[in-house]
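Welcome! Let us take a friendly walk through a protein structure, one region at a time.

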Amino acid sequence: MRLLAKFLLLILIPNFGFSQIKTTTFSDLGNLQKVQQKSVIIHFYTDWCSVCKIEKYAIEKDKDLVKMIDENFYFINFEAEKTKETIHFQGKQFNYLPNGNSGIHELALALSKNKNQPVYPLWIILDKNQNLIYYHEGEFKPGKMKEKLREIINL
């Protein structure tokens, strides 16, 4: 019994300091906006991106940032190279473009300034009417993100 308690304690301790951001999908976004209009944060990442993993850890560790995002934004986490479903967004249809063993989603290319190969992580923030209000390539540190999100909230 003691061994089981120690085992459970070791498993659960690392999770106490983290919060998860509530995420949504492009397919749910339209219905959510009808209920409550909010700005939208789209986070493009890939599984192989080490900066994306470090960034995710840092953001989830910042409870104030997670709370700010959850209360004021819709958050879409989008794996740009593995998401294969068709996405309808801003009146257009976007598909996955296979390329041998890998590929990329057209939406990542459409929203990226670098049309050949997006830089990951890629952060797109849209206002309530889906107009671009902020674009960020590369790591978005929690402190800078909080500062930018406060600006957007106060617009």
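Residues are numbered from 1 along each chain as its sequence is written, and side-chain values use heavy atoms, with hydrogens and water left out.

The score pLDDT is the predictor's confidence in each residue, from 0 to 100. The protein chain averages 89, and 88% of the residues score at least 70. Residues 3-16 are a stretch to treat with care: their pLDDT stays under 50, and the model gives them one contact beyond four places in sequence (contact means heavy atoms within 4.5 Å). Where pLDDT is low, the predicted coordinates should not be read in detail.

## The nonpolar cores

A nonpolar core is a set of buried Ala, Val, Leu, Ile, Met, Phe, Trp, Tyr and Cys residues joined through side-chain atoms within 4.5 Å. Buried means under 20% relative accessible area, exposed over 50%, and partly exposed in between, using a 1.4 Å probe and protein chains only. The largest nonpolar core has 24 residues, and those touching the most other members are Phe26, Ile42, Phe44, Phe89, Leu107, Tyr120 and Ile124. Two or more residues each come from α2 (26-35), β1 (39-45), β2 (73-79), β3 (87-89), α5 (106-111) and β7 (122-126). Helices (H or I, at least four residues) and strands (E, at least two) are DSSP runs, numbered from the N terminus.

## A hairpin

Strands β5 (residues 96-99) and β6 (residues 102-105) run antiparallel and are joined by four bridges; two strands pair if DSSP finds at least two bridges between them. Pro98 has Gly103 in β6 as its bridge partner. Two residues lie between the strands of this hairpin, where Gly100 takes a positive phi near 70°.

## The disulfide

A disulfide is a pair of cysteine sulfur atoms within 2.5 Å, and by this rule the count comes to one. It is formed by Cys49 and Cys52, whose sulfur atoms are 2.4 Å apart. The link is right-handed, with 85° about the S-S bond, and both Cys49 and Cys52 are buried.

Asp62 sits in the loop between α3 (50-61) and α4 (63-72). Is Asp62 buried or exposed? Asp62 counts as buried because its relative accessible area is 15%. A polar atom of its side chain lies 3.0 Å from the backbone nitrogen of Leu65. Leaving out residues up to four places away in sequence, Asp62 touches Pro142 and Lys146. Asp62 and Pro142 are 80 residues apart in sequence, yet 7.2 Å apart in space, C-alpha to C-alpha.

His136 belongs to strand β8 (residues 132-137) and is buried, at 10% relative accessibility. Its side chain makes a polar contact with the side chain of Tyr134 at 3.3 Å (a pair of N or O atoms within 3.5 Å; within protein, one must be able to donate a hydrogen and the other to accept it, and residues adjacent in sequence count only if both atoms are side-chain atoms). The side chain of His136 also reaches the backbone oxygen of Glu139 at 2.8 Å. Beyond its neighbours within four places in sequence, His136 is in contact with Pro121, Leu122, Trp123 and Lys144.
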